[in-house]
Amino acid sequence: MLQITNLHANVGDKPILKGLTLSLNAGEIHAIMGPNGAGKSTLGYVLSGRPGYEVTEGSVTFNGQDLLALEPHERAAAGLFLGFQYPVEIPGVSNVQFLREALNAQRKYRGEAPLSGGEFLKVAREQAGALGMDMDMLKRPVNVGFSGGEKKRNEMVQMGIIDPALAILDETDSGLDIDALRTVGDGINRIMRKPDKAVLLITHYQRLLDYVKPDFVHVLDGGRITRTGGAELALELERDGYKELAA
Amino acid sequence: MTNDIEIKDKAAWDAAEKVADYEHGWSSDIETDFAPKGLNEDTVRFISAKKNEPEWMLEWRLKAFAMWKTMEAPDWAKLNVPPIDYQDAYYYAAPKAKPKLSSLDEVDPEILRVYEKLGIPIAEQKLLAGVEGGEVGGLPQRRVAVDAVFDSVSVATTFRAELERAGVIFRSISEAIKEYPDLVRKYLGKIVPMHDNYFATLNCAVFSDGTFVYIPEGVRCPMELSTYFRINAENTGQFERTLIVADKGSYVSYLEGCTAPMRDENQLHAAVVELVALDDAEIKYSTVQNWYPGDAEGKGGIYNFVTKRALCQGRNSKVSWTQVETGSAVTWKYPSCVLNGENSVGEFYSVAVTNNYQQADTGTKMIHNGKGSRSTIVSKGISAGHSNNTYRGLVRVAPNAEGVRNFTQCDSLLLGSLSGAHTVPYIEVRNPSAQIEHEATTSKISDDQMFYAMARGLNAEEAVALIVNGFAKEVLQQLPMEFAVEAQKLLGISLEGSVG
């Protein structure tokens, strides 16, 4: 589904990704772990097309399409979802309005008919309910006045409504208490653990992986993948730390 | 002269087609009667004669004209306006009078095209075009009575009979001067006096048409009233005059929409709007101003110098101004409330958008003379391109006005790094019991917000429109429903080309 080959990327003049190669197939969940400054968030931004993140070398294909040639909104319409580490506030715009416009913009781009208000609310109600979020929160402005945990939960509600083929989740576990961690983990499994979908989990810690069991774990260090293994690699990292591994 | 104008029209049209999208940028080749070009006493007499006005009206106009000649254009606003040549314009243009028609087929198709583009339903179109029996045959779905002002004249008003049954008078001001002279004389020039300011005085001398509304005591106007203003002819100034009187315990909601064709030269629009609310009366006045703003290089566009003022004369009277200002090259406009009545209420909700080289200096004045009077000001300024957007407001509390309250919120949103936002609040409090609050913010659309919206599937322009609509929400939700939808779209359209 996603093929990243020898990816080099700069932020400003500074090279961050230095020859990263990674391949995800449908039905797989991959975790990317690594120390601070390794380039984990940069990878998420580069894949979703954030301005200011410049690809200098390499290629990325997504379902056979040249992902890097697409604008951010086109990548979203193609089925890529980025769960933000720091979800952004949009004052005056309700979650419902934001998501309905976003979803219908994607559908329009794909040549599908827009969802009516009623159809959209049905989907939104289901997804919010499954993540233990009440409809009042969906009517509030996007992320405004939300706690850290509520923002992350809201990202999962958005993912459920948009129903992407590939989710890149950037430290979705940070700032969550144990109960919220479980809710979010269950959400990822429910929405994304499917034969035609894939997930790239970017995380510092092993704990989310207790709930979302990865098929592969990669260590990202110095802008490239330095080691790949199964779920047991995460436990090893938790025990020994990244320094031990690098040594 | 007709040939000459058609050729000029063509040139202006061709030039205009090359510039940025402006939805209402069409002009119509309608046969037009003009007054001789230029401004002098004869022009004033010509207009008055065209309207068959009574002698008192002509005298009033001439007095204003004499006064205007001694005045100078104000220069205190943060606007850069080249000197206006008042002799190089027409002060009266009217679609040529036609005999009564029996069906829409006989109406000049150009005029019908105009109404269609303005979104006026067929039944109302018939009436506007002067087709006999146009009012019969079922009511249109949209229950809004319309007065259409085309260049200098009101083309017609609709729903007249039904409004009359409720006792509501809804007329072009020219008709009202003849039919209800006592009412008009009682209030005309009493809220905005003749000597008020340069543009208001000019308006007194040369105003050509506009709307008059009277809501009798205790009547809630059965539908929303609306005026479409359209500048069509070239080199023509539009000087309309609106007077709304809400008698004791009455209510009216009034909508005003404006469009003009794209032209290379600047055109002057200097309107005066006067509102009076007596005891327990309420007037809700909503404007969506979408005059042609000029092209991306700042060429052409309307100079919009408007004086709007409400007199809250009665106890518990209330006037609410809501404006969405997206058009015009230059906007100079301060819809105000003089709160004389005890416990009277004034409100001002404004969204002003400037893009490219547009300039707006707009705000309000809340003059608290009555005890316990209250006012709310919410202003949202959005600046993009090379534009400048100024909020200028005055809150004044008179020495005898006990227990006055005001809340003001001024928010500015900047797009790009070349636009300007300015806030100039004047607060004059002469009574120690007053409670005045002022909040102001200036922000930019952040890269984070843009990317977040785009990562969810919105393109850059959709993302800006969404964020801007959120920013302006408090004001937009004050508009009547159908206007709100139009205004939301308009904000997006006005900011096209301002990103990426």
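Author: Hello, and welcome! A residue is called buried under 20% relative accessible area, exposed over 50%, and partly exposed in between, with a 1.4 Å probe and protein chains only. The model is predicted, so local features need pLDDT of at least 70 and side-chain atom pairs count only at pLDDT 80 or more, while totals for chains, interfaces and linings use all residues. Residues are numbered from 1 along each chain as its sequence is written, chains are lettered from A and ligands numbered from 1 in the order in which they are written, and side-chain values use heavy atoms, with hydrogens and water left out.

Reader: Thanks! Is E171(A) buried or exposed?

Author: E171(A) sits in the loop between β9 (166-170) and α7 (178-192) of chain A, where helices (H or I, at least four residues) and strands (E, at least two) are DSSP runs numbered from the N terminus. Its phi is near 50°, a positive value in a residue other than glycine. Because its relative accessible area is 8%, E171(A) is buried.

Reader: And which loop of chain A holds N143(A)?

Author: N143(A) is not a glycine, yet it has a positive phi of about 65°. Most residues other than glycine have a negative phi. With a relative accessible area of 0%, N143(A) is buried. Its loop in chain A is the one between β8 (141-142) and α6 (148-162).

Reader: Let me step back to the chains. What share of the 247 residues in chain A is buried?

Author: Chain A has eight helices and 12 strands, and its C-alpha atoms fill a box of roughly 55 × 40 × 35 Å along the principal axes. A contact is a pair with heavy atoms within 4.5 Å; of the contacts in chain A with a separation of 6 or more, 70% are between residues 24 or more positions apart. The buried share of the 247 residues is 53%.

Reader: For chain B, what share of the contacts with a separation of 6 or more comes from residues 24 or more positions apart?

Author: Chain B has 13 helices and 23 strands. Of its 500 residues, 62% count as buried. For the contacts in chain B with a separation of 6 or more, residues 24 or more positions apart account for 83%.

Reader: On to electrostatics. How many salt bridges are there over all chains?

Author: The rule asks for a side-chain nitrogen of Lys or Arg within 4 Å of a carboxyl oxygen of Asp or Glu. One pair that meets it is R61(B) with E53(B), at 2.7 Å from N to O. R61(B) counts as buried because its relative accessibility is 0%, and E53(B), at 14%, is buried as well. Over all chains the count is 27.

Reader: Which strand of chain B holds R241(B), the residue that pairs with E274(B)?

Author: The closest N and O atoms of E274(B) and R241(B) are 3.0 Å apart, in a salt bridge. The pair links distant parts of the chain, 33 residues apart, with E274(B) in strand β11 (residues 272-277). Both E274(B) and R241(B) are buried. R241(B) belongs to residues 240-246, strand β8.

Reader: How far apart are the closest N and O atoms of K333(B) and E325(B)?

Author: K333(B) is buried, with a relative accessible area of 2%, and E325(B) is buried too, at 2%. The two form a salt bridge, and the distance between their closest N and O atoms is 2.3 Å.

Reader: Which elements give two or more residues to the lining of the largest cavity?

Author: The lining has 15 residues, and those closest to the centre are S379(B), G381(B), N389(B), T390(B) and Y391(B). The elements that give two or more residues are, in chain B, β17 (345-354), β19 (374-383), β20 (388-397), β21 (405-414) and β22 (420-429).

Reader: Last one: which residues does V424(B) touch, not counting those up to four places away in sequence?

Author: V424(B) lies in strand β22 of chain B and counts as partly exposed because its relative accessibility is 24%. From D361(B) it is 63 residues apart in sequence and 9.8 Å apart in space, C-alpha to C-alpha. The residues that V424(B) touches are T390(B), Y391(B), R392(B) and G393(B).

Key. On a 1 Å grid over the protein atoms alone, a cavity is a set of points where a 1.4 Å probe fits but cannot get out, and a pocket is an open set with protein on both sides within 12 Å along at least five of seven lines; lining residues have an atom within 4 Å of a point.
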